[in-house]
Amino acid sequence: MLGPNPKPEIRPLLEQWGHAIGLELLSRPSEEACSEALRNAFHQARALFIIDDLWDSQSGNLLMVGGVNSRVILTTRESNSLSPLTTRTQQIRVDFLNDHEALELLGKLAP
């Protein structure tokens, strides 16, 4: 979860993802280099990334590290932040969901 900060720190999150899969990213010179290393690591992997509370497409681009067999679910209150990251047909507008509704939607988006 990125949280309520419109300018979240992306690098610590990328480093956490790297650590979770045994990939050391501390020595990488930039967020972009960390993101690229994760893209390479996840290139063929089956993974589900849920990026909650995205504020801007620049952060979204850095966090889109899944490969061809991965799925990414982005949530945002700022619909314009999705425009560079998705097509209109890939966007679903929802209000608050209860647990059952959320699991049902997740099952449709990432079977």
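Me: How far apart in helix α1 are E15 and R11?
Reply: They are 4 residues apart in helix α1 (residues 10-20), so about one helical turn separates them. This is a predicted model, where local features need pLDDT of at least 70, side-chain atom pairs count only at pLDDT 80 or more, and totals for chains, interfaces and linings use all residues. Residues are numbered from 1 along each chain as its sequence is written, and side-chain values use heavy atoms, leaving out hydrogens and water.

Me: What counts as a helix or a strand?
Reply: Both are DSSP runs, numbered from the N terminus: helices are H or I with at least four residues, strands are E with at least two. This chain has 4 helices and 2 strands. From the N terminus on, their order is α-α-β-α-β-α.

Me: Back to E15 and R11. What do their side chains form?
Reply: General idea first. Side chains of opposite charge can pair when their charged atoms come close. A salt bridge here is a side-chain nitrogen of Lys or Arg within 4 Å of a carboxyl oxygen of Asp or Glu. E15 and R11 meet in one, at 2.7 Å from N to O.

Me: Which words describe how open a residue is?
Reply: Buried means under 20% relative accessible area, exposed means over 50%, and partly exposed lies in between (1.4 Å probe, protein chains only). E15 is partly exposed at 23%. R11 is buried at 17%. Of the 111 residues of the chain, 31% count as buried.

Me: How many salt bridges does the rule give?
Reply: The count is 3. One of them joins R39 and E36, at 3.6 Å from N to O. Both residues lie in helix α2 (residues 31-41), 3 residues apart, about one turn of the helix. R39 is partly exposed at 28%, and E36 is partly exposed at 41%.

Me: Where do E104 and K108 sit?
Reply: In helix α4 (residues 99-109), 4 residues apart, so about one helical turn separates them. E104 is partly exposed at 42%, whereas K108 is exposed at 62%.

Me: Now the inside. What is a nonpolar core?
Reply: It is a set of buried Ala, Val, Leu, Ile, Met, Phe, Trp, Tyr and Cys residues joined through side-chain atoms within 4.5 Å. The largest one here has 18 residues, of which L14, W17, L38 and L63 touch the most other members. The elements giving two or more residues to this core are α1, α2, β1 (48-51) and α3 (57-63). The largest share, 4 residues, comes from α1.

Me: Which residues does W17 touch?
Reply: A contact means heavy atoms within 4.5 Å. Leaving aside residues up to four places away in sequence, W17 touches L38, F49, I51, L63 and V65. Take I51 from that list. I51 lies in strand β1 and is buried at 2%.

Me: What share of contacts joins residues at least 24 apart?
Reply: The share is 49%, among contacts in the chain between residues at least 6 apart in sequence.

Me: Which residues of α2 are buried?
Reply: They are A33, C34, S35, A37 and L38. Their cover includes α1 and α3.

Me: How should I read the phi of D53?
Reply: Most residues other than glycine have a negative phi, and most peptide bonds are trans. D53 has a positive phi, near 75°, and is not glycine. D53 lies in the loop between β1 and α3. D53 is buried, at 7%.

Me: Last feature. What is a pocket?
Reply: Rolling a probe the size of a water molecule over the atoms shows where empty space is left. On a 1 Å grid over the protein atoms alone, with a 1.4 Å probe, a pocket is an open set of points with protein on both sides within 12 Å along at least five of seven lines; lining residues have an atom within 4 Å of a point. Grid points are joined across faces, edges and corners, and a volume is the space filled by probe spheres set on the points. The second largest pocket has a volume of about 160 Å³.

Me: Which residues line the second largest pocket?
Reply: R46, A47, L48, N69, R71, A110 and P111. Nonpolar covers Ala, Val, Leu, Ile, Met, Phe, Trp, Tyr, Cys and Pro; charged covers Asp, Glu, Lys and Arg; the others, Gly among them, are polar. By class, this lining has 4 nonpolar, 1 polar and 2 charged residues.
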